[in-house]
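Subject: Structure for you to look at

Hi,

Here is the structure I promised to pass on. Have a look at it first, and then read my notes below.

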Amino acid sequence: MNAGPILVFGEVEDGRAAPVSLELASQARRLSDAVVVLAYGSSTEGVDKAFASAGASAVHLAEHPVADRLIGPFAAAAMASLVGAVSPRAILIGATYTGRDVAGRLAVRARLGVIANVIDLMDKDGRLVALNTIFGATQIVESGFTSSSPGIFLVRPKSFEVAAHEGDVAVSRLEPPTDVQDSARIIESHSETSTGPGLEEAPVVVSGGRGLGDASNFALLTELARLTHGSVGASRAVVDAGWVPYSMQVGQTGKTVKPTVYIACGISGAMQHTVGMKGAKNIIAINRDQDAPIFKLADLGVVGDCLTVLPKVIEEIKARQQQG
Amino acid sequence: MNITVCVKQIPDQSIPSELLPDSWRLRRADVNAVLDPGDEYAVEAALKLAEATGGEVTAVSMGPARADEALRKALSMGVHKAILVTDDALEGAAALVTARVLAAAIRKSGGTDVVITGTESTDGYTGVVPQALAELLGSSSLTFAKSVETGGEGITIHRQTDTGYQIVTAPLPVVVSVTAGANQPRYPSLKGIMGAKSKPLEHWSLADLGLDGEAVASSQRVFSVVAAPEKQAGELISDDGTAAGRIVEFLAQLKVI
Ligand SMILES: Cc1cc2nc3c(=O)[nH]c(=O)nc-3n(C[C@H](O)[C@H](O)[C@H](O)COP(=O)(O)OP(=O)(O)OC[C@H]3O[C@@H](n4cnc5c(N)ncnc54)[C@H](O)[C@@H]3O)c2cc1C
């Protein structure tokens, strides 16, 4: 068994460590005392502290050399040089857009296999074993790499808690890679701004699907989210229909959320949707069809029309808050 | 502009999938199989580019011999010719192996200006083949495209990001991965379906590509597959006018209001 350190890709965006990268540093620390993080981004000033307090024992800071180039190919080259230098036991990368770009190119450069959609990672008799789910999270697969070779685990965000860690950390700078075969240039960047807490951090997520009937009815969800300090999510059906931006999509090809309460309004509960919200501590579903699959997951299911139930819920909460 | 589109045949997702008990591989042999719906967006994007630039589209796939059917579908949509890499040694191939095989097939076919793929397969969804292909081919990569156009330095896309999108351009050669919903895949016309039967469709083996066992060996392994614990059924009520009150009570109990 390879006893090397665990190498973590530390994605840095707008000068901040990506939450998933901190989650991975913490999980790596649970599995090993040697946690090497490559912190890669346009500005890495101070992110070593964030990674150290999440569990890193060594942080290599690498600044992205050209602002208008995509991060992925460059970070993959930097990761490959670290794989050569530290002979890791495993490589952990968060399954973000950039993370997937890094994983694919790194796999080729370092001749490493990739196990994707990982939701848990553990040590079993000295071997790292990854869990992922298939068939709409009805089956759990345990897999890993053959003992002679390390591999890349591409991990879904929110799979692990970040735990505070204190200990020594070695910080060094890594020269930006020069042998990158990618000439893509970013011409413009646009963000779809949203108000309130981010979907992945919000304690309450109010999500809408095709059952809302019309894009304008999302106003009800926005209002309920405002009253519960929550955030608004959506099914892919309504994102594809152009009602709301993709950044709101929950599910296999969207975000994974684990709020205290998930409120599904007019969502059927297709498995590609439920893999993204199954982890919620409590689930409320409102659906007109008593046989909708979403009710199998719901702690509280209401068979009814969300266009009549939601306005009443909003009204009652307002009444309570005025009394309170 | 010469364009190659990479496609995969997958088990029909409207039928519940099953694993083979001895190998933990997806049961594919006797189930209805289709062109991955995610790849239809890639085929459509490839055809649009070819129409705009007067180029030809080649579809490349790796799979069992019956994956011909998926390639015929791509041909019936308008793709000009197709290549299937099929070899018993490739059964259960991992993503990196898939990328090596596709890259070797693209090289053998004479190379290409643009490779178009989906973002991930609907059955396996590892989602790293496009990036691995770009690295193997020494190409730029334009990933997660919500739209694809010629122009700029070669190809310009709107790239999906976690918070919005970027406009990104790259010179040729380039690998472009296209998200579902990027376009409206065309339905094959009757003429297209008839025409597809006489379009060239070649089968290549690993030996034809000059790849040996080591290049396609997989370093990963499934140890076990178990059923996920089922969630206890919760409370289900019919809205008789009091359901809103019950929801508010529940939210109050959870201390979110
Ligand atoms: C590869 C792949 C990836 C996918 N990824 C995702 C993903 O990431 N996220 C995702 O969400 N989906 C995803 N999907 C799509 C998914 O399979 C479903 O098609 C989608 O989730 C359905 O959205 P919906 O529940 O809004 O619509 P529908 O399935 O149409 O359900 C609408 C529901 O609303 C109910 N309804 C109607 N009117 C009312 C009313 N007035 N009041 C209350 N209820 C009402 C109906 O009974 C029905 O149950 C993916 C699919 C594929 C193939």
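Which residues does S57(A) touch, not counting residues up to four places away in sequence? Before I get to that, please keep in mind that this is a predicted model. The list for S57(A) runs R29(A), D33(A), A34(A), V35(A), D168(A), V169(A) and A170(A). You'll find S57(A) in the loop of chain A between α2 (47-54) and β4 (58-63). One of those neighbours, V35(A), has its backbone nitrogen reached by the side chain of S57(A), at 2.8 Å.

Now to the ligand. Chains A and B both supply residues that surround the ligand, so the site is shared between chains. There are 25 residues around the ligand, and those that come nearest are S235(A), V250(A), T253(A), S268(A) and N287(A).

- Q249(A) has a polar side-chain atom 2.9 Å from an oxygen atom of the ligand.
- V250(A) uses its backbone instead: a polar atom there is 2.8 Å from a nitrogen atom of the ligand.
- Q272(A) has a side-chain N or O atom that sits 2.8 Å from a ligand oxygen atom.

How much of the ligand does the protein cover? On its own the ligand has 990 Å² of accessible area, and the protein covers 80% of that. As for secondary structure, the elements that give two or more residues to the shell are α6 (236-240) and α7 (271-274), in chain A.

Over in chain B, take a look at a pair of helices. The axes of α1 (residues 37-53) and α2 (residues 68-77) of chain B come within 10 Å and cross at roughly 35°, and the crossing is right-handed. On the α1(B) side the contact is made by E40(B), V43(B) and L47(B), while α2(B) brings K73(B), A74(B) and M77(B). Of the residues in this contact, 4 are nonpolar and 2 are charged, with no polar ones.

Two backbone details to finish. In chain B, the peptide bond from L172(B) to P173(B) is cis, with omega near -5°; P173(B) is placed in the loop between β9 (164-170) and β10 (174-178) of chain B. In chain A, N117(A) is not a glycine, yet it has a positive phi of about 60°. You can find N117(A) in strand β6 (residues 113-124) of chain A.

Cheers

Methods: Residues numbered from 1 in each chain as written. Chains lettered and ligands numbered in written order. Predicted model: local features only at pLDDT ≥ 70, side-chain atom pairs only at ≥ 80, totals over all residues. Heavy atoms only, no water. Axes fitted to C-alpha atoms, helices over the stretch in contact; angles between N-to-C directions. Helix = DSSP H or I, 4+ residues; strand = E, 2+ residues; numbered from the N terminus. Left-handed = near helix turned anticlockwise from the far one by under 90°. Contact = heavy atoms within 4.5 Å. Nonpolar A, V, L, I, M, F, W, Y, C, P; charged D, E, K, R; others polar. Near = heavy atom within 4 Å. Polar contact = N/O pair within 3.5 Å; in protein donor to acceptor, adjacent residues only side chain to side chain. Areas by Shrake-Rupley, 256 points an atom, 1.4 Å probe, with all protein chains shown as cover.
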